[in-house]
Amino acid sequence: MTFSVLSPKQKIIFKWCYDGNYRAIICDGAVRSGKTICMITSFILWAMKYFNGASFAICGKTISSAERNMILPLMDIADINAYFKLEHMRSRNLLTVENGGIKNNFFIFGGKDESSYMHIQGMTLSGVFFDEVALMPRSFVEQAITRTLSVENAKLWFNCNPDSQFHWFYNEWIKRAEERNALHLHFTMHDNPILSEQQIANAEKQFTGVFHDRYIKGLWVSAEGVIYKDFAENTERYLVDKAPNDIIRCNIGFDFGGNGSAHAGICTGFSKRLQKAVILDEYYRKEIISPSQLESDIINFVRKCQRNYPVYDGYFDSAETTLIRGIKTACAKERLNFNVHSAKKSEISERIAFTDLIMSQGRFFVLKSCKNIIEALQSAVWDKKYSNGKRLDDGNYNIDSIDAYEYSIEPLMNDMIEAGQQKGM
Ligand SMILES: Nc1ncnc2c1ncn2[C@@H]1O[C@H](COP(=O)(O)OP(=O)(O)OP(=O)(O)O)[C@@H](O)[C@H]1O
Ligand SMILES: [Mg+2]
């Protein structure tokens with residue numbers, strides 16, 4: 001790609017670092033507002049102008065999100081590749097950038113990858129770029145900042161989408177930007193020059209409630225009340241009598257019960273080109289049962305789903321390794337053509353945001369017969385105790401069915417988001 005046009009705020013991203021006054025830049029605001037692409041490009045240009053033989057850090061939430069959001073786009077920017085030789089050594093999590101006799105190292109870190117934290121300790125860094133800083137542990141961010149203190153002209157680059165107004169980054173950095181010598185720029189989709197008015201109007205229909213406020217309006221607000229408000233108020237819109245006939249694959253998600261919670265299984269189908277997710281069948285049992293009873297229930301549920309749908313993969317609550325092992329053995333004994341995986345268990349707030357997104361895009365449906373998950377989605381509420389978005393789990397809500405549903409969709413979350421973007425949603 002090339003930067004044929006820059007918005008006024010993007011131009012500031014390319015200039016601020018040549019002004020000796022600022023030590024940091026913070027760009028927060030809406031999704032797809034053109035923050036990351038300009039910041040990473042400006043970061044490289046600045047580093048190559050002032051340093052040689054120095055080390056820098058490029059940090060994402062995880063190493064793979066850093067590669068996806070920054071390294072791959074960077075390799076594709078004509079304006080950068082025309083001047084510099086870039087080499088990405090994946091196995092070493094290192095990007096080297098070279099121009100004539102000048103060469104700098106950019107180490108790639110994932111704030112959430114445990115080992116990243118270890119590696120950054122002891123390094124001397126001339127600059128750090130934090131992409132999606134609100135999703136990183138504070139301890140990682142502070143450790144990385146400490147690594148720059150001995151370099152005189154080191155600078156820090158932060159960007160993120162908003163979270164709760166109680167988030168540490170909002171209080172420590174955004175509110176205190178001036179006293180920390182940081183330039184704060186707030187982005188909306190209008191600051192991305194390649195988005196047309198129509199694309200912005202479409203995007204503004206995405207997300208509801210707190211996610212709309214944060215990701216579209218770019219506000220730092222906390223989550224309160226019913227989570228899936230539109231689903232709760234207009235449930236009929238999301239229900240279907242029978243499975244659509246373009247389901248091409250299905251996953252089962254399973255959450256194990258105990259201590260008053262239920263055993264819950266969900267079978268979710270995905271339509272062609274991942275346009276829709278449809279909850280097709282469910283299992284729900286609240287009473288205490290023996291592991292062997294549970295195994296036989298699961299085998300029966302898988303069989304029942306397989307009779308009706310193409311389902312070959314199950315994602316089980318990874319906290320219960322013994323139960324998972326038992327189920328693997330039982331499936332093998334029964335010669336089921338079914339792969340038992342541990343659920344990924346990504347951040348709950350991310351899973352909720354994803355479901356909210358596909359609901360607002362009209363891509364989420366439930367079969368009318370799945371009473372437990374319907375009621376669970378209608379009644380789920382935010383837990384105010386947590387600033388980073390968790391649902392209330394005080395025994396009065398069925399969060400087991402929701403967990404099971406989320407385990408079933410997690411593996412395809414990113415692909416479904418991309419499929420939506422390709423369709424211009
Ligand atoms: N000036 C520009 N010229 C060409 N393409 C641009 C420009 N600004 C942004 N884009 C493109 O717009 C898309 C969104 O930009 P970017 O990823 O930087 O947004 P973001 O604000 O970081 O979004 P998010 O908050 O979702 O991470 C990208 O595909 C990017 O390449
Ligand atoms: Mg970004």
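## Basis of the description

The model is predicted, and local features need pLDDT of at least 70, side-chain atom pairs count only at pLDDT 80 or more, and totals for chains, interfaces and linings use all residues. Residues are numbered from 1 along each chain as its sequence is written, while chains are lettered from A and ligands numbered from 1 in the order in which they are written.

## Overall form

The protein contains 16 helices and 15 strands, where helices (H or I, at least four residues) and strands (E, at least two) are DSSP runs numbered from the N terminus. Its C-alpha atoms fill a box of roughly 65 × 45 × 40 Å along the principal axes. The radius of gyration is 24 Å, which agrees with the value near 22 Å that a compact globule of 425 residues would have; this radius is taken over C-alpha atoms, and the globule rule is 2.2 Å times the number of residues to the power 0.38.

Of the 425 residues, 40% are buried, a residue being buried if 20 or more other C-beta atoms lie within 10 Å of its own, exposed if 12 or fewer, and partly exposed in between, with C-beta atoms placed from the backbone. Among contacts between residues at least 6 apart in sequence, 74% join residues at least 24 apart; two residues are in contact if their C-beta atoms, placed from the backbone, lie within 7 Å.

## Two domains

The domain assignment gives domain 1 (8-206) and domain 2 (229-422), with bounds that come from an automatic or database assignment. Their C-alpha centres lie 35 Å apart, and six residues of domain 1 are in contact with five residues of domain 2. The residues on the side of domain 1 that touches domain 2 divide into one nonpolar, three polar and two charged, where Ala, Val, Leu, Ile, Met, Phe, Trp, Tyr, Cys and Pro count as nonpolar, Asp, Glu, Lys and Arg as charged, and the others, Gly among them, as polar.

Strand S1 (residues 24-29) is largely enclosed by the rest of the structure, because six of its six residues are buried. Both of its faces are covered, with Ala24, Ile26 and Asp28 on one side and Ile25, Cys27 and Gly29 on the other. S1 pairs in the parallel sense with strand S8 (residues 182-187) over six bridges and with strand S7 (residues 155-160) over five bridges, two strands being paired if DSSP finds at least two bridges between them. Alanine 24 has alanine 182 as its bridge partner in S8 and leucine 156 as its bridge partner in S7.

Around ligand 1 there are 17 residues, of which Val31, Gly34, Lys35, Thr36 and Ile37 come nearest; a residue is near a molecule or strand if its C-beta atom, placed from the backbone, lies within 6 Å of it. This shell divides into nine nonpolar, six polar and two charged residues.

## The open sheet and its surroundings

Seven strands form an open sheet of mixed pairing in the order S9-S15-S12-S11-S10-S13-S14. Strand S9 (239-240) and strand S14 (339-342) stand at the edges with a single partner strand each, so one side of each is left without a neighbour in the sheet. Within this sheet, S12 and strand S15 (residues 364-367) pair in the parallel sense over three bridges, and alanine 277 has phenylalanine 364 as its bridge partner in S15.

Isoleucine 289 is found in the loop between strand S12 (277-285) and helix H11 (291-308), and counts as partly exposed because it has 14 C-beta neighbours inside 10 Å. Helix H15 (residues 399-409) is mostly covered, with eleven of its eleven residues buried.
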